[in-house]
Amino acid sequence: MIIIKRFIFILSVCFIILPELSGQEAVRIGIDGLSHDHIHGLLRNISLRQDIQLVGIAENDQNLADRLIKQYGLDRNIVYSDLSEMIEKTHPQGVVAFGSIYGHLHTVEVCAPKGIHVMVEKPLAVNSKHAKRMYELATKNHIQLLTNYETSWYPAHFRAFDLATAEDSIGRMNKILVNDGHKGPVEIGCSKEFLAWLTDPVLNGGGAVTDFGCYGANLTTWLMQNTRPLTVTAVLQTVKPDVYPQVDDQATIVLAYPHVQAILQGSWNWPLDRKDMEIYGREGYIKVSNANDVELRRNRNAPLEKFRIVEFPFDAKDPFNYFAKVISGDIKVNATDLASMENNMIVVEILDAAKRSAKEGKTIHLK
């Protein structure tokens, strides 16, 4: 019950409308892993969707598989313990990964040579070594390799992007602040299977720095149109060592660009859930409070403007509809898109540098 409540907001953003593919056949999708609690967002309405068809699931934890089969009324005959077997028996066109971040590389290693497209939950990889190998496999085998973030489906972010860039509403950008997180995965009631790898420094690549630092790195890289920062400086702490003995639960990352500074704050210690962003320019500022609300002050003499953005300005309704349309060719992925390999290679590079900065106690200069 706690987990279901936790995802009500996400589901309300992403799954109000069950999308269709304009008369096209449903895209055949497989799932690799069920341990990521974001899986509930997909399985909740899977039988009603017309844009994708779930043809197979790979999960080696039989107890977990049995629980979700019962919870969502899934067909037990499409569940396999091995990804390769699932692909051989069900022939998906795309696979979505819902296991550990460390396992993303294995998903791509199995899928890419078979020409199967992949979408992973954020971030792309646990480290740059994994990310580079995934990029090589995807490029060599001509597949799409996408990364999904909840914040990619906030209509407010796209309005803020236009205001800050195309419309030049606040003057030249000079500072970006991104805050993400909640009370902590244990505190909000994440499943034991999710916690087993989310709080593991190898399987997740870190704690809050990975879990929530990636959001800010992704959005900043998008706003900066794939410009890499010159330097990365980070402070990582474990405020609750009795709860998270192996990983950080508090992360602050500072990115320096030639004319912009970005401060990314990811935490498992916020008193309330938050995913908000502020963009400052020479003349004014933009604040994104949540998925729909934007505030704009064009300059010091201008009145405060408030926008409620409901319509998503993109030819997709949720991450899985997006994945299906990319596979079918209805949507082309640009290098600067939030889900692109190019953006997310930079995200992983930033996270690697942040962890190194905190460990060594110094600013990291990117080559």
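Here are some questions and answers about a predicted model.

Me: Which residues of helix 4 are buried, and how do they sit around the axis?
Reply: Helix 4 spans residues 62-72, and L64, A65, L68 and I69 are its buried residues. An α-helix has 3.6 residues a turn, so residues three or four places apart point the same way.

Me: What covers the buried residues of helix 4?
Reply: Look around L64, A65, L68 and I69, the buried residues of this helix. The cover includes helix 3 (39-43), strand 3 (79-80) and helix 9 (192-198).

Me: Which residue caps the N-terminal end of helix 4?
Reply: Check the backbone nitrogen of N63: a side-chain oxygen lies 3.1 Å from it. That oxygen belongs to the capping residue, D61.

Me: Which strands are at the edges of the open sheet?
Reply: Six strands make up this sheet, with parallel pairing, in the order 3-2-1-4-5-6. An edge strand pairs on one side only. Strand 6 (145-148), for instance, pairs with strand 5 (residues 117-121) over four bridges. The edges are strand 3 and strand 6.

Me: What angle does the direction of helix 5 make with that of strand 2?
Reply: Helix 5 (residues 83-90) packs on the sheet and touches strand 1 (27-32), strand 2 (52-58) and strand 3. Its direction and that of strand 2 make an angle of about 140°.

How values were computed. Residues are numbered from 1 along each chain as its sequence is written. This is a predicted model: local features need pLDDT of at least 70, side-chain atom pairs count only at pLDDT 80 or more; totals for chains, interfaces and linings use all residues. Side-chain values use heavy atoms; hydrogens and water are left out. Buried means under 20% relative accessible area, exposed over 50%, partly exposed in between (1.4 Å probe, protein chains only). Helices (H or I, at least four residues) and strands (E, at least two) are DSSP runs, numbered from the N terminus. Contact means heavy atoms within 4.5 Å. A polar contact is a pair of N or O atoms within 3.5 Å; within protein, one must be able to donate a hydrogen and the other to accept it, and residues adjacent in sequence count only if both atoms are side-chain atoms. Two strands pair if DSSP finds at least two bridges between them. Axes are lines fitted to C-alpha atoms, for helices over the stretch in contact, and angles run from 0 to 180 degrees between N-to-C directions.
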